[in-house]
Amino acid sequence: MPDGQRADARRNYTRILAVAEREVAAHGAGASLEQIARTAGVGSATVRRHFPTRRALLEAVSRERIEALRVRAQELTARGDSREALLEWLGDVVTYSISARGLAAALAYDGAQAEPVHENSCSATLEEAAGPLLRRAVRDGTVAADVTVVDLITLIVGIVLATEHHPDPAVRANRLFRLAVAGLSPQD
């Protein structure tokens, strides 16, 4: 929210965001923008002025969680085994994405043009945060050199979106994540 906004616009933004957080927690990425506007006591146009796209709203709702993941990546960057540090962080992304309905949708790549209005700031933040973890694991030879952060985030988004309606999405998503990491070969 730009600091130069009028006080009433800042209040509207704060109120809309608080309502949106509750609605996304209850209904996921498909939360009704009209219901958010009604509950916040503003018009739909006011919601759209602050959040021109559904993705912009989801990103705002997810901002704190994304920041926590960014900080966590920094903490793990200098930690022991580079592969384990990367996998621990990716596991945290899975956990956060399951617990924060709408986060996986905010991270999803939708092919939108790379314009400031359409830029996926959640994914961009995570890509930047995970870069040092992945580079260290590649340098240590514990992750294939052609793996990218985009690959990893896309894998997580797919797992989380595929399991969000499962009776126990956390268990199912974590199983699929471990399977993706281990591969299909039997373990010795």
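Trainee: Which residues is Ser-82 in contact with, leaving aside its neighbours within four places in sequence?

Mentor: In this predicted model, Ser-82 is in contact with Arg-136, Ala-137, Asp-140 and Thr-142. Ser-82 itself is found in helix 5.

Trainee: Why is Ser-82 called buried?

Mentor: Its relative accessibility is 2%. Buried means under 20%, so Ser-82 counts as buried.

Trainee: What makes the pairing of the side chains of Ser-82 and Asp-140 a polar contact?

Mentor: The two side chains are joined at 2.7 Å, and the cut-off for a pair of N or O atoms is within 3.5 Å. The side chain of Ser-82 also makes a polar contact with that of Thr-142, at 3.4 Å. That value, too, is within 3.5 Å.

Trainee: What is the extent of helix 1 set against?

Mentor: Helix 1 has 21 residues, and from its first C-alpha to its last it reaches 30 Å. The expected span at 1.5 Å a residue is 30 Å, and helix 1 is close to that. Just after helix 1, Gly-28 takes a positive phi of about 75°.

Trainee: Which residues of helix 1 are buried, and what do they pack against?

Mentor: The buried residues of helix 1 are Ala-9, Asn-12, Tyr-13, Ile-16, Leu-17, Val-19, Ala-20, Glu-23 and Val-24. They pack against helix 2, helix 3 and helix 4. As background, residues three or four places apart in an α-helix point the same way, because there are 3.6 residues a turn.

Trainee: How many residues are in the largest nonpolar core, and which have the most contacts inside it?

Mentor: The largest nonpolar core has 53 residues, and those with the most contacts inside it are Ile-36, Leu-86, Trp-89, Leu-90, Leu-107 and Leu-126. Helices 1, 2, 4, 5, 6, 7, 8 and 9 each supply at least two residues of this core.

Trainee: What does Trp-89 touch, leaving aside its neighbours within four places in sequence?

Mentor: Trp-89 is in contact with Leu-69, Arg-72, Ala-73, Leu-76, Leu-126, Ala-130 and Leu-133.

Trainee: How many helices and strands does the protein chain have?

Mentor: There are 9 helices and 0 strands. Buried residues make up 38% of the 188 residues in the protein chain. Among contacts between residues at least 6 apart in sequence, 65% join residues at least 24 apart.

Methods. Residues are numbered from 1 along each chain as its sequence is written. This is a predicted model: local features need pLDDT of at least 70, side-chain atom pairs count only at pLDDT 80 or more; totals for chains, interfaces and linings use all residues. Side-chain values use heavy atoms; hydrogens and water are left out. A nonpolar core is a set of buried Ala, Val, Leu, Ile, Met, Phe, Trp, Tyr and Cys residues joined through side-chain atoms within 4.5 Å. Buried means under 20% relative accessible area, exposed over 50%, partly exposed in between (1.4 Å probe, protein chains only). Helices (H or I, at least four residues) and strands (E, at least two) are DSSP runs, numbered from the N terminus. Contact means heavy atoms within 4.5 Å. The expected span of a helix is 1.5 Å times one less than its number of residues. A polar contact is a pair of N or O atoms within 3.5 Å; within protein, one must be able to donate a hydrogen and the other to accept it, and residues adjacent in sequence count only if both atoms are side-chain atoms.
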